[in-house]
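The following note sets out several points on the structure shown below.

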Amino acid sequence: MDLKKLYIDGQWVAPLSGQYIDVENPATKETFATVAAAGEQDVAAAALAAAKAFPAWAARPMEERIDFMRKLLKELIQFEPQMVDAVVNELGIPVSFVKTNHIGYQFVRTQSYIDLAPKLPLVEKLPQSVVYRRPLGVIGCITPWNYPLGQIIQKVIPAILVGATVVLKPSQSTPVTAYYLAEAFDRAGFPKGVFNFIPGRSGEIGNAICDDPNISMISFTGSTKAGIKVSQRALATMKRISMELGGKSPFIILPGADYEKAVRMCFNSLLLNSGQTCTALSRLIIPKEAKAEIEQIILKVLPEYTVGDPTLETTKVGAVASKEQWNIVDSYIAKGIEEGATVLAGGRPEPPEKGYFINPTVFTDVTNDMTIAQEEIFGPVLCVLTYEGVDQALAIANDTKYGLNGAVWGPDKEEATKVAEGILSGNIYVNGSPRDVTAPFGGFKDSGLGREGGKDGMLEFTEPQAIFNA
């Protein structure tokens with residue numbers, strides 16, 4: 001595996017662009033890898049290879065596609081140590097979290113798609129017709145930097161299983177982990193052109209993918225602003241689109257709940273990936289009468305989330321992904337102070353001399369009209385808001401343009417579930433319940449279009465065709 005090559009039509013090839021990208025370790029500010037940077041000609045070659053491979057791949061029985069995917073998973077697991085190292089280096093996230101969430105959980109996700117594939121309703125008989133779910137064709141997958149493997153797995157695996165072929169463009173900030181996935185595809189013996197891998201610079205390659213006539217669908221994950229631009233460009237050639245976008249997720253704590261358990265869940269969601277998770281529970285909505293008590297619990301628990309060297313098992317919070325991201329988060333912290341929120345913990349970070357580290361920052365006395373309560377910060381910053389009565393809690397929770405994730409914690413599960421049903425979000429957790437890997441994932445409002453995960457996420461890469469044969 002050569003990091004200075006692309007994977008197109010079943011082989012590792014030098015980029016026609018002749019360009020390369022240096023990859024920085026955000027925890028040390030050192031360049032640790034140099035990878036190929038695809039250009040427009042490389043996109044065209046990858047899309048053409050995928051288009052040529054599509055008819056035969058779509059025609060293969062599902063059982064054969066599943067067998068290939070089982071081989072892929074076996075090969076991918078062999079690269080677990082290397083992928084852990086790659087994520088720690090290119091993202092600066094602590095090794096303990098990388099092992100479990102960035103890598104280990106992606107094996108579980110992949111297996112879930114393999115298990116679901118035979119159960120998909122790809123042929124449905126209606127009273128006077130038969131509806132077939134046809135694979136869409138070539139899928140252009142554009143993924144972000146915050147989960148270098150996970151965001152890819154959610155797109156590439158289900159698309160290929162249902163019979164589509166893929167052109168993958170990972171983030172230029174975190175491309176190294178994806179090289180191991182490409183190598184696993186090669187070793188698993190997939191037919192040429194089914195999977196194509198073209199790292200490159202975002203604007204140039206993203207635009208070329210959106211414009212290419214051989215690509216039928218764009219599956220994009222990123223900010224809402226970027227998603228709108230990608231969607232508009234893709235629709236110029238009537239491509240199908242699936243957008244997993246931003247979030248500003250509320251966490252309602254009900255009176256009498258186990259406040260400490262709820263705070264720990266909030267911190268785990270927000271801090272373990274340095275706040276760089278679209279589903280991060282970044283708005284903590286608490287009973288006004290319990291404000292002082294919960295603030296003390298926050299101050300008690302927060303020191304457990306140690307910031308530092310991501311290669312140490314004892315570190316809980318690593319760096320943010322880049323100097324650009326550090327600047328964004330710092331500006332939001334400054335904005336929160338300017339708007340009059342109270343800094344309960346943390347505050348503006350020291351200049352990033354050795355790495356892009358930001359201590360977890362907690363704002364209290366936040367009101368929902370503040371910028372920090374409305375905009376996605378994508379950093380380790382928590383906004384604490386208070387409410388009087390459940391109706392007000394729900395009003396605060398839903399007073400946002402986003403609707404991706406949410407949570408409720410209460411003393412009674414049935415009551416908490418009822419409150420959860422009032423939150424306008426695609427996913428909502430009740431009393432710390434675990435994620436169901438077979439459930440659909442996606443957002444309401446400005447948090448996106450379509451779904452990933454589960455059967456819904458697999459059918460996203462198909463299109464229904466009704467044949468009337470009564």
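1. Phe195 touches Tyr7, Val156, Ile160, Val166, Leu168, Ala182 and Phe185, where a contact means heavy atoms within 4.5 Å and residues up to four places away in sequence are not counted. The model is a predicted one, in which local features need pLDDT of at least 70, side-chain atom pairs count only at pLDDT 80 or more, and totals for chains, interfaces and linings use all residues. Residues are numbered from 1 along each chain as its sequence is written, and side-chain values use heavy atoms, with hydrogens and water left out.

2. Phe195 is also among the residues with the most contacts inside the largest nonpolar core, together with Ile160, Phe190, Ile198, Ile218 and Phe251; this core has 127 residues. Such a core is a set of buried Ala, Val, Leu, Ile, Met, Phe, Trp, Tyr and Cys residues joined through side-chain atoms within 4.5 Å. Buried means under 20% relative accessible area, exposed over 50%, and partly exposed in between, with a 1.4 Å probe and protein chains only. Helix H6 (residues 176-188) gives the most to this core, with nine residues. Helices (H or I, at least four residues) and strands (E, at least two) are DSSP runs, numbered from the N terminus. A second, separate core has 31 residues, including Tyr356, Cys383, Ala393 and Ala416.

3. Two strands pair if DSSP finds at least two bridges between them. Strand S13 (residues 283-287) and strand S16 (residues 381-387) run parallel and are joined by five bridges; Pro287 stands opposite Tyr387 in S16.

4. The structure holds zero disulfides, a disulfide being a pair of cysteine sulfur atoms within 2.5 Å. Cys266 is in no disulfide, and the nearest cysteine sulfur, that of Cys383, is 10 Å away. Cys266 is buried, at a relative accessible area of 1%. Cys278 also counts as buried, at 10% relative accessibility.

5. Thr224 is found in helix H8 (residues 224-235) and is buried, with a relative accessible area of 8%. A polar atom of its side chain lies 3.3 Å from the backbone nitrogen of Gly246, and a polar atom of the Thr224 side chain lies 2.9 Å from the backbone oxygen of Asp446. Leaving aside neighbours within four places in sequence, Thr224 is in contact with Leu245, Gly246, Tyr402 and Asp446.

6. In helix H7 (residues 202-211), the buried residues are Ile205, Gly206, Ala208, Ile209 and Cys210. Their cover includes helix H1 (40-59), strand S7 (138-142), strand S8 (165-169), strand S10 (217-221) and H8.

7. Met458 belongs to helix H15 (residues 454-459) and is buried, with a relative accessible area of 0%. Apart from neighbours within four places in sequence, Met458 is in contact with Tyr113, Leu116, Ala117, Leu120, Pro158, Leu161 and Val162.

Note on methods: Polar contact = N/O pair within 3.5 Å; in protein donor to acceptor, adjacent residues only side chain to side chain.
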